[in-house]
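Dear colleague,

I am handing over the structure you asked about, and below it I have set out what was found in it. Please read the notes with the structure open beside them.

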Amino acid sequence: QRPEPQALELVRARLAPLRVLSQRLEGGAGYVKVAAFAPGTAGDLRAALRQLQASGSRQLVLDLRDAAAGPMEEAIETARLFLDKGLITYTQGQQMPRRQFTAEAAGQAWKEPMVVLISHATAGPGEVVAAALQSNHRATVVGLRSYGVGSVQRLIPLDDGAALILTVAKYYTPAGKALQDNGVTPDVEAQPSEGQVLAPVPHAPPRPDDPVLEKGLEVLRTQAEAEPARKAA
């Protein structure tokens with residue numbers, strides 16, 4: 001402790017938040033959490049997947065709970081990391097023709113079994129990824145129905161300096177459902193513990209008592225146990 005005031009020099013800087021949190025869980029499954037789809041997220045995720053593969057992980061939990069911000073283009077690139085073919089999403093409006101986005105085999109970075117976790121706060125780009133993996137039968141989606149956001153908007157400046165924002169198209173799932181109207185319904189519903197805050201900060205590591213994560217791991221274990229029988233058939 002110093003009784004006299006001290007002169008300090010402060011430097012202002014823009015902090016770059018961590019975009020992807022990854023770790024190998026007990027039991028060997030890989031875990032990746034994406035809180036927001038900032039530019040560069042897909043590249044960071046590709047690097048994280050390589051590290052998990054190098055560590056021996058052959059199953060993956062992709063945590064998209066609370067993932068709601070960022071450009072849709074980043075979500076599309078993220079979905080391509082897990083798909084070798086198929087429709088990811090498409091946009092369409094009354095005055096806007098259909099524009100679709102597909103997967104490319106060269107872009108796939110993870111081919112092993114996986115589950116996706118979603119919550120009521122998963123929206124926009126997070127929903128695009130979850131719906132693409134679900135509709136292409138690439139991953140089981142676990143959690144709660146997502147928020148339901150997915151539109152293309154156009155800004156129209158007005159003479160008085162104000163502006164008008166119009167929705168000109170919507171994003172659709174590969175199954176043809178508008179995300180704006182439907183959100184994503186999980187394959188397996190899982191409720192968080194009553195009163196439990198699972199992620200007090202965007203990139204907090206998973207809690208050992210996280211019931212949604214545990215349900216996702218249970219799904220992966222069930223799939224692994226059924227795989228030998230499926231191959232034998």
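**Aromatic pair**

The structure, which is a predicted model, holds one aromatic pair. The rings of Tyr-90 and Tyr-172 have their centres 5.0 Å apart and their planes at 5°, so the pair is stacked. Because Tyr-90 belongs to strand β4 (residues 87-92) and Tyr-172 to strand β9, the pair ties together parts that are 82 residues apart in sequence. Both Tyr-90 and Tyr-172 are buried.

**The chain as a whole**

The secondary structure of the protein chain comes to five helices and 10 strands, and its C-alpha atoms fill a box of roughly 70 × 65 × 40 Å when this is taken along the principal axes. Of the 233 residues in the chain, 42% are buried. Among contacts with a separation of 6 or more, residues 24 or more positions apart account for 70%. The chain exposes about 13,400 Å², and carbon and sulfur atoms supply 51% of that area.

The largest nonpolar core has 38 residues, of which Leu-62, Phe-82 and Val-116 touch the most other members. Two or more residues are given to this core by each of β2 (30-34), α1 (41-54), β3 (60-63), α2 (72-80), β6 (114-118) and α3 (125-135), and the largest share, six residues, comes from α3. If residues up to four places away in sequence are not counted, Val-116 touches Leu-62, Leu-64, Ala-130, Leu-133, Ala-139, Thr-140, Val-141 and Val-142. Apart from this core lies another one, of 13 residues, which includes Leu-25, Leu-117, Leu-217 and Leu-220.

Helix α3 deserves a paragraph of its own. Since 10 of its 11 residues are buried, α3 is largely enclosed by the rest of the structure. The buried residues of α3 are Pro-125, Gly-126, Glu-127, Val-128, Val-129, Ala-130, Ala-131, Ala-132, Leu-133 and Gln-134, and what covers them includes β3, α2, β4, β6, β7 (140-143) and α4. Just after α3, His-137 takes a positive phi of about 55°.

**Salt bridges**

Side chains of opposite charge can pair when their charged atoms come close. The structure holds eight salt bridges, and some of them are described here.

In one of them Asp-44 is joined to Arg-19, with the closest N and O atoms 2.6 Å apart. Asp-44 lies in helix α1 and Arg-19 in the segment before β1 (20-24), so this pair ties together parts that are 25 residues apart in sequence. With a relative accessibility of 30%, Asp-44 counts as partly exposed, and Arg-19, with a relative accessible area of 28%, is partly exposed as well.

Another salt bridge is formed by Asp-181 with Lys-170, where the closest N and O atoms are 3.1 Å apart. This pair links distant parts of the chain, Asp-181 being in helix α4 (residues 179-182) and Lys-170 in strand β9, 11 residues apart. Asp-181 counts as partly exposed at 48% relative accessibility, and Lys-170 counts as partly exposed at 25%.

The side chains of Glu-214 and Arg-221 also meet in a salt bridge, at 2.8 Å from N to O. Glu-214 has a relative accessible area of 39% and is therefore partly exposed, while Arg-221, with 41%, is partly exposed too. Finally, Asp-63, Arg-65 and Asp-210 are linked in a network of salt bridges.

Which residues make the nonpolar surface patch of about 300 Å²? The patch is made by Ile-156, Leu-158, Leu-164 and Leu-166. Leu-158 is placed in the loop between β8 (151-157) and β9 (163-172).

With kind regards

Note on methods: Residues are numbered from 1 along each chain as its sequence is written. This is a predicted model: local features need pLDDT of at least 70, side-chain atom pairs count only at pLDDT 80 or more; totals for chains, interfaces and linings use all residues. Side-chain values use heavy atoms; hydrogens and water are left out. A nonpolar core is a set of buried Ala, Val, Leu, Ile, Met, Phe, Trp, Tyr and Cys residues joined through side-chain atoms within 4.5 Å. Buried means under 20% relative accessible area, exposed over 50%, partly exposed in between (1.4 Å probe, protein chains only). Helices (H or I, at least four residues) and strands (E, at least two) are DSSP runs, numbered from the N terminus. Contact means heavy atoms within 4.5 Å. Patches are made of residues with over 30% relative accessible area and no salt bridge: like charges are joined within 9 Å, nonpolar side chains (Val, Leu, Ile, Met, Phe, Trp, Tyr) within 5 Å. Accessible areas come from the Shrake-Rupley method with a 1.4 Å probe; for residues, only the protein chains shown count as cover. A salt bridge is a side-chain nitrogen of Lys or Arg within 4 Å of a carboxyl oxygen of Asp or Glu. Rings of Phe, Tyr and Trp (its six-membered ring) pair if their centres lie within 6.5 Å; planes under 30 degrees apart count as stacked, over 60 as edge-to-face and the rest as tilted.
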